[in-house]
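Subject: Handover of a two-chain structure

Dear colleague,

Please find below the structure that I am handing over to you. My notes on what was found in it follow directly after.

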Amino acid sequence: MKKNILVAGILALACVSAAAQVGAPYIHDPSTIAECDGKYYTFGTGGGGLISADGWVWESGAVRPGGGAAPDAIKIGDRYLVGYSTTGGGLGGGHAGRIVTMWNKTLDPNSPDFAYTEPVEVANSVVDEDCDAIDIGLLMDDKGRLFCTYGTYFGNIRMVELDPKTGERLAGNQPVDVAIDCEASIMIYNDGWYYLLGTHGTCCDGVNSTYNIVCGRSRNPYGPFIDNVGRDMLAGGGKMVIAAEERLFGAGHFGRYIVEPGVEKASLHYEADLDRSGRSVLAIRPLLWKNGWPECGELVKDGNYKILSRRRGYALELSVDFVRAQGGMRMFGFGRGQQEQPNVVLEGQKLEEVSADWPEGNIPVRANDYMARPHQKWTIEAVPEAGGYLGGPYFKIVIEGTNRALAAAEGAELVTVPEFTGADEQLWQIDQLTDGTFRLMPKAIPGCSERLCLYSVADSTPTLAKFDFNNDNCKWDLKMH
Amino acid sequence: MTQFIKTLSVAVGLAVLASAIPARAQVYADSSTQLDKYLVPATTAVATPNDQGFLGRWLLLDPISKPNRSNTVFTDSYIREAFAVPYFKGQLGDVLPKDGSKVKVMVEYQPPVDLSGGRPMMRFPQEPVVYEKKEKKLQWHAFDSKRFNVKLFRFATNLTEDRYGVIFWAVTVVNCEEDIPNVRLAVGSNSASMWWVNGEEAVVLSGDRRMVMDDCASPRLTLKKGRNVIWGAVINGPGMSDFCARFIDEAGNPVKNITLTTK
């Protein structure tokens, strides 16, 4: 029995390392992730929050005074505006709420500049009106206007406009109702559209929480926000952005982090992580844009993949002799009794049939027609001890059934080495891009200080070069086989 | 009215799409196959790459007979071995052969192809064919290509008796006024090929290849100030044979501040 528990524990640990933030990412209602001096910060309900040096390993340590619920944070100029609700959302029966904002020059609690300004109220709700002023969400749009949404299931989600210089409510600005039946709202802006995201479902019920994140969109920041089938969010509409996963339940409290054009992340919490005693955890997922709608992608799972260039659709492969597979040339003969021959199942080419003839040392890579051959099949696995980057662990990429690893080489080129050693040039950052394709970047390149990505310089020739989201040479599809 | 708006929208959409594609003239079908449609004798005028950077001035050697009934045999090992054979003096050297000069090459002799019997690859002999070894006198020709690619097949069919199962050798000189670092030789070929820049292997195109611009590229290299000798060897079994080659920079743009000579 003890052995079984141990095995289950080991399996659970392996699962945790590949699928969720590592460290101690325990939080509820995380604020939008903010970067400060190379570290990432998020604040949660009740005060405090998480810090990560790399975006993958999170620990407690962020400092936010005031207690209360559901903060949000945004960097404006060289300062951070942090908002939260001083109240808790009517669980005790009343719905008087109060939203405040405050500034800080830094989010690093160890910095001598770390000091919050006095909180100022920007919105409120009275005891029994159709709103409960909690769950602030902040957006600065492309015109420099600062919007604040707030509210919960009790009544309406509301919007006010703030002064980006002071963080205070714009004089004369009146709250506008924009949605019902949700909480943890926030607006994001993309390609001329304002998107209102809110969390539906049941909060705070652990593994039985049905929390899920939905959205509507509008050309006007004050709405109406309409979903994908034409429903107004004031009528309860909303298109799904992310919901439960197999072992994670209760997706809520969305935040958007733009790494660079084409690389975006969504932050949220899962109310319950089955691999962590059902605790509420921070999650970071790739944020995709599909037909004008935001949608969360998935973390890369350990497994066997073909790696296909978006440039031509060719598969990344070892530069070794092509070995013809069994089955022969059938030509076009359907006569002479061939129609009557019984079908037999032909085996695909196996690694042991070909690998003995591969060179023992480094082997270059290229791209070619995918033919399901051993030199084209890759295993991608997280390397838990290697740390990670915002939203993902570093991976090793090896030929399936071997330890031969893809690596960055001198001159910003590529090679495979016979044995994976864990060296930085053998570790790969894999980001799903906003269009659903993938960017693969080595952690380090010998003799090169630039961050470069796997790049198709010709149809059949991969190399390392600068990332540009508008260039298909930088993009790859990962397809499990 | 609605239909008119739809039609107008489609027309505007197509116009916008078309504006993003480089303009070029319609290519009308033309069944002629004479050499000067593809290649003309190189002139004494300074040659430069075409507007896309493709190298058009080459010395081509008459095809060397190398019988292969299929292009699927062209693995990396096979073509390295095939191109490592010393066929002629000065192969891969810095001194280029003279236009019109001839070399003697020992070949596996194939009789001229009988085109009346259909595609040659479809007529499989029952037993492996043993080819007679013969010494053939092959000539170098300096050409300017009228197209972005060098149509080896039409060179062969117009000037020689070989067309399938052959190796073509090509060489040119790229002249630079100053060092041009971080460029790549980008090649497409039908079928497999290997390319060398200043005596160093630059890029290998193995397998049963069709010619595609920028199919394979060399690692980053430097075109040095002065002469840079570019050698290429293309091997083909049945079917069309041609190649296209250009230098591209880090951004993938063609390198055009160079001149081409065959000396």
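Glu347(A) sits in the loop between strand E23 (315-318) and helix H2 (351-354) of chain A. From Glu347(A) to Ile445(A) there are 98 residues in sequence and 39 Å in space, C-alpha to C-alpha.

Please note that this is a predicted model, in which local features need pLDDT of at least 70, side-chain atom pairs count only at pLDDT 80 or more, and totals for chains, interfaces and linings use all residues. Residues are numbered from 1 along each chain as its sequence is written, while chains are lettered from A and ligands numbered from 1 in the order in which they are written. Helices (H or I, at least four residues) and strands (E, at least two) are DSSP runs, numbered from the N terminus.

The domains of chain A

Chain A is divided into domain 1 (20-296) and domain 2 (303-323 + 350-480); such bounds come from an automatic or database domain assignment. The C-alpha centres of the two domains lie 36 Å apart. Their contact involves 17 residues of domain 1 of chain A and 14 residues of domain 2 of chain A, where two residues are in contact if their C-beta atoms, placed from the backbone, lie within 7 Å. On the side of domain 1 of chain A that touches domain 2 of chain A, strand E19 (263-273) and strand E20 (279-290) each supply at least two residues. E20(A) gives the most to this side, with six residues. By class, this side has eleven nonpolar, two polar and four charged residues. Here Ala, Val, Leu, Ile, Met, Phe, Trp, Tyr, Cys and Pro count as nonpolar, Asp, Glu, Lys and Arg as charged, and the others, Gly among them, as polar.

Sheets and a hairpin in chain A

E19(A) and E20(A) also belong to an open sheet of four strands, in the order E18-E19-E20-E21, with antiparallel pairing. Two strands pair if DSSP finds at least two bridges between them. Strand E18 (248-260) and strand E21 (293-296) of chain A are the edge strands, each pairing on one side only. Between E19(A) and E20(A) there are seven bridges, and Leu268(A) has Ala283(A) in E20(A) as its bridge partner.

Another open sheet has five strands in the order E1-E5-E4-E3-E2 of chain A, and its pairing is mixed. Within it, E1(A) runs parallel to strand E5 (residues 57-62) of chain A, joined by two bridges; Gly23(A) is partnered by Trp58(A) in E5(A).

Strand E31 (residues 428-432) of chain A is largely enclosed by the rest of the structure, because five of its five residues are buried. Trp428(A), Ile430(A) and Gln432(A) are on one side, and Gln429(A) and Asp431(A) are on the other. In a regular strand, side chains alternate between the two faces of the sheet. Five bridges pair E31(A) with strand E32 (residues 438-442) of chain A in the antiparallel sense, and Gln432(A) stands opposite Phe438(A) in E32(A). The hairpin of these strands has five residues between them, and Gly436(A) there takes a positive phi near 95 degrees.

Chain B has three helices and 14 strands. Of its 263 residues, 40% count as buried. In helix H3 (residues 152-159) of chain B, the buried residues are Leu152(B), Phe153(B), Arg154(B), Phe155(B) and Ala156(B). They pack against several strands of chain B, including strand E6 (166-176) and strand E12 (226-236).

Where the chains meet, 15 residues of chain B are in contact with twelve residues of chain A. Helix H2 (76-84), strand E7 (180-190) and strand E10 (216-217) of chain B each supply at least two residues of the side of chain B that touches chain A. That side has five nonpolar, four polar and six charged residues.

With kind regards

Definitions and conventions
A residue is buried if 20 or more other C-beta atoms lie within 10 Å of its own, exposed if 12 or fewer, and partly exposed in between; C-beta atoms are placed from the backbone.
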